[in-house]
Amino acid sequence: MNQSTFHTELFELMPVPIAITKSIENSTNAAIVYINQCFLDELGWDINDIPDKNTWWTKAYPDEDYRKVVERQWELVTSNAADNNEKTVSIVVNIVTKYGDITRYKVSTLLDDYLNEGCKVSVFTRVV
């Protein structure tokens, strides 16, 4: 079993939504290269719906004012994490699912290239 297959099988076992992004050269955007079944079940979005980070942000946070707040919060926590050599960042946000529901999640992302160069893993934990 190669490492990629191992990670995919491992992520499919996880009872939380997981998404993997890969940097796009010379861009601040990132391609969404993998989502697990739990992500699809809970959030409804598949790779065709959200092929990249920018599309995800507009679908998950359709209200432009709220999206700007989330973007600023994300920039702040990632900047602070980089300054402190932290490997993960987390924020709690309200995400609009494909089903039209608003669900509160803690989104945690590994900042270093966990899987391979340019890839980041994000885990979505429902907040109740």
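Begin by selecting Thr97, which sits in the loop between strand E3 (88-96) and strand E4 (102-110); helices (H or I, at least four residues) and strands (E, at least two) are DSSP runs, numbered from the N terminus. Thr97 is buried, its relative accessible area being 3%, where buried means under 20% relative accessible area, exposed over 50%, and partly exposed in between (1.4 Å probe, protein chains only). Show its surroundings and, leaving aside residues up to four places away in sequence, you will find that Thr97 touches Glu42, Leu43, Trp45 and Thr103, a contact being heavy atoms within 4.5 Å.

A word on what is being viewed: this is a predicted model, in which local features need pLDDT of at least 70 and side-chain atom pairs count only at pLDDT 80 or more, while totals for chains, interfaces and linings use all residues. Residues are numbered from 1 along each chain as its sequence is written, and side-chain values use heavy atoms, with hydrogens and water left out.

Colour the chain by pLDDT, the predictor's confidence in each residue, from 0 to 100. The mean for the protein chain is 90, and 91% of its residues reach 70 or more. Confidence is lowest in helix H1 (residues 3-13), with a mean of 71, and highest in H2, with 97.

Next, select helix H4 (residues 64-83), whose 20 residues reach 28 Å from first C-alpha to last, close to the 28 Å expected at 1.5 Å a residue; that expected span is 1.5 Å times one less than the number of residues. Within H4, Arg67, Val70 and Ala81 are buried. They lie on the same side of H4, because they cover an arc of only 65° around the axis, the arc being that of the directions from the helix axis to the C-beta atoms. The buried residues of H4 pack against helix H3 (53-60) and E3, whereas Asp65, Arg72, Glu75, Leu76 and Asp83, on the other side of H4, are exposed.

Now look at the two ends of this helix. At the start of H4, a side-chain oxygen of Asp63 comes to within 3.2 Å of the backbone nitrogen of Asp65, and just after H4, Asn85 adopts a positive phi of about 55°.

How many salt bridges does a search of the whole structure find? The search finds 3, a salt bridge being a side-chain nitrogen of Lys or Arg within 4 Å of a carboxyl oxygen of Asp or Glu.

Then select Asp49 and Lys98, a salt bridge with its closest N and O atoms 2.9 Å apart. This pair too links distant parts of the chain, from the loop between H2 and H3 to the loop between E3 and E4, 49 residues apart. Asp49 counts as buried at 18% relative accessibility, while Lys98 is partly exposed at 41%.

Glu64 and Lys68 are separated by about one helical turn, because they are 4 residues apart in helix H4.

How values were computed
Polar contact = N/O pair within 3.5 Å; in protein donor to acceptor, adjacent residues only side chain to side chain.
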